[in-house]
Amino acid sequence: MKTKKLEDIHGLTPHNWEEIKNLGYEMVDDMVSYLQNIQEQPSWKEIPQNVKLHFEEDIPQNPQNPKSVYQEFKEFILPFPKGNIHPRFWAWVQGTGTITAAFSEMLATTMNPNVTIGEHAAMYVDKQVVKWCKQMLNYPETASGILLSGGSMANITGLTVARNFHNPSVRAYGIQHHKKQMVLYCSEETHSCITKAAEIIGLGNKSVRKIITNEHFQMDINELKKQIALDLQAGFQPFCIVATTGTVNTGAIDPLKEIYELCKTFNLWFHIDGAYGALAKLDPKFTEQLAYIEKADSVAFDLHKWLHIPYELGCLLVKNAEAHRASFAITPNYLLQTKRGLAGGLDSINNYGFELSRGFKALKVWMNLKEYGIHKYAALIAKNNEQAQYLGKLVSGSKQLKLLTPVTMSIVCFQFIHKQANIQTINKLNEEIIIRLQEQGIASPSSTILKGNYCIRVCIVNHKTKKNDLDELFLWVIKIGNQIVKEIGL
Ligand SMILES: *Cc1c(COP(=O)(O)O)cnc(C)c1O
């Protein structure tokens, strides 16, 4: 048999456009009704073994009809979602997404631009979305910013700028050339990505001073001051304080004003990890408390959390645009920009971060912000915060439940309790309650441990949740808790 000449091989465009169009229509129909009826589905379900085995198959060698590939998606993938599209998903800190953002992903990937360099519309959309990000937080117009995959990337990018600003020779000589060891401060409740970032940017995790927190899980300012004094005395170089606005565990907000003032006094970079909670600034209840975000040298926050932009989308804003650019700008011959033509246009985005290739992720933000307007998001964030207060009250009003910390933002941490049980038993019991809630498809809270207490953690970053869902959760926790008490014979 003669093989085809390479020149005659068909590209990746469809042989039959009509057929592919119909497949697309079918997908739209299916996805719309899927999301429309998602509340009737369990919040989560286990993946059967045969489904898992399906994902062990080796790489396909030969073509398969796209319609049958889609059938496989419907059979093996779609029925087993994580569930953050469901009204009763309250685990970790995860956004819900929107159907129109899903459509805009299709538009963005159809155009398929690499949004880092060149004169094309996507570059301007990206720039406009960064501007809108500044406006969301009332951050200075002159700041620079970059859209990234998420809060972790935004934090490491911000800390890189902070490090380089306080150690200008680091790009040439590396951190080992520096005479003093640079140290940064954050609270013990700070997200683990700060520790990882410190490791990756060459500081090492011993340079991360984890300051203890007060009874509200906020950074203890007196301890912070003491540690800075100790470090100065010992010859370290303090260079940055990371404040968290909305910790993952409890939604605590570090004392921003005091931290800002310490940064001024000691000439430190003021970085904010607002991955979860910076956008709470849009809720009038938090606007004042979060006003100091505007004074931060850099802010990292996520749009895939409280703005419900589908994954992935984070943003870093840096007040000193020059310092930001000076940390990343480099122009090899193959990335030279011209005055006119395709290689003209805006400053390359890779001058502001590590990544070179970037997708057109700005489009889904651009379209959703136009569709809903910022007031709508503000109201939805306020609604989640109020729902958390409501659940907190339900918990406080019950003799069988205990609120483990006052509710600040939209996180509620609580336990099912029992007089006859010791702390180990209570912890096991609550772990079992969470697992049963998930396995029975009732709701998806997650867990955390606060001062040794294993708790049911409900984080409401969900535009679909209704009060009634929280009433149901409350009833089920008590019901399942009592069931387990009976089973173990307390
Ligand atoms: C989610 C979160 C992060 C990490 O952000 P990713 O988008 O998951 O990378 C960091 N800090 C806080 C406070 C968060 O809530």
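Predicted model: local features only at pLDDT ≥ 70, side-chain atom pairs only at ≥ 80, totals over all residues.

Visitor: Where does His308 sit, then?

Guide: His308 is in the loop between β7 and β8. Its phi is near 60°, which is a positive value in a residue other than glycine.

Visitor: And what joins Tyr311 and Glu312?

Guide: A cis peptide bond, with omega at about 0°. Glu312 belongs to the loop between β7 (298-302) and β8 (314-318).

Visitor: What about Asn112, what's its phi near?

Guide: Phi of Asn112 is near 50°, again a positive value in a residue that isn't glycine. You'll find Asn112 in the loop between α4 and α5 (121-137).

Visitor: Is Asn112 buried or exposed?

Guide: Exposed, because its relative accessibility is 59% and the cut-off for exposed is over 50%.

Visitor: Switching to rings. How many aromatic pairs does a search of the whole structure find?

Guide: Seven aromatic pairs turn up. One of them is Tyr260 with Phe270: the ring centres are 6.1 Å apart and the planes are at 45°, so that pair is tilted. It links distant parts of the chain, with Tyr260 in helix α10 (residues 256-266) and Phe270 in strand β6 (residues 269-273), ten residues apart.

Visitor: Are Tyr260 and Phe270 buried or exposed?

Guide: Tyr260 is buried, and Phe270 is buried as well. Together with Tyr292, Tyr260 and Phe270 form one aromatic cluster.

Visitor: And Tyr372 with Tyr377, what sort of aromatic pair is that?

Guide: Tyr372 and Tyr377 are edge-to-face, at 5.9 Å centre to centre with 85° between the planes. Tyr377 is buried, with a relative accessible area of 3%, whereas Tyr372 is partly exposed at 32% relative accessibility.

Visitor: Which ring does the charged end of Arg209 sit over?

Guide: The ring of Phe236, with the charged end of Arg209 at 4.7 Å from the ring centre. There's also Lys467, which lies over the face of Tyr390 at 4.7 Å from the ring centre.

Visitor: Now pockets. How much space lies in the largest pocket?

Guide: About 1300 Å³. Its lining has 42 residues, and Met31, Thr98, Ile99, Ala102 and Phe103 are the ones that lie nearest its centre.

Visitor: Which elements give two or more residues to that lining?

Guide: Those are α1 (17-36), α3 (66-77), α4 (99-111) and α13 (362-396). The largest share comes from α1, with ten residues.

Visitor: How do the lining residues divide into nonpolar, polar and charged?

Guide: For the largest pocket, 27 are nonpolar, eleven are polar and four are charged.

Visitor: Why does the largest pocket lie between domain 1 and domain 2?

Guide: Because both domain 1 (104-372) and domain 2 (375-488) give residues to its lining.

Visitor: Last topic: where's Lys399, and how far apart are the C-alpha atoms of Lys399 and Phe416?

Guide: Lys399 is placed in the loop between α13 and β9 (401-403). It is exposed, with a relative accessible area of 81%. Lys399 and Phe416 are 17 residues apart along the chain, and 9.2 Å separates their C-alpha atoms.

Visitor: And Ala382, which helix is it found in?

Guide: Helix α13. Ala382 counts as partly exposed, at 22% relative accessibility. From Ala382 to Met409 the C-alpha distance is 9.1 Å, with the two residues 27 apart in sequence.

Definitions and conventions. Residues numbered from 1 in each chain as written. Heavy atoms only, no water. Phe/Tyr/Trp six-rings, centres within 6.5 Å; stacked < 30°, edge-to-face > 60°. Helix = DSSP H or I, 4+ residues; strand = E, 2+ residues; numbered from the N terminus. Buried < 20%, exposed > 50% of the residue type's maximum accessible area, 1.4 Å probe, protein only. Lys NZ or Arg CZ within 6 Å of the ring centre and 35° of its normal. 1 Å grid on protein atoms, 1.4 Å probe; cavity = no way out; pocket = protein on both sides within 12 Å on 5 of 7 lines; lining within 4 Å. Points joined across faces, edges and corners; volume = space filled by probe spheres on them. Nonpolar A, V, L, I, M, F, W, Y, C, P; charged D, E, K, R; others polar. Domains from an automatic or database assignment.
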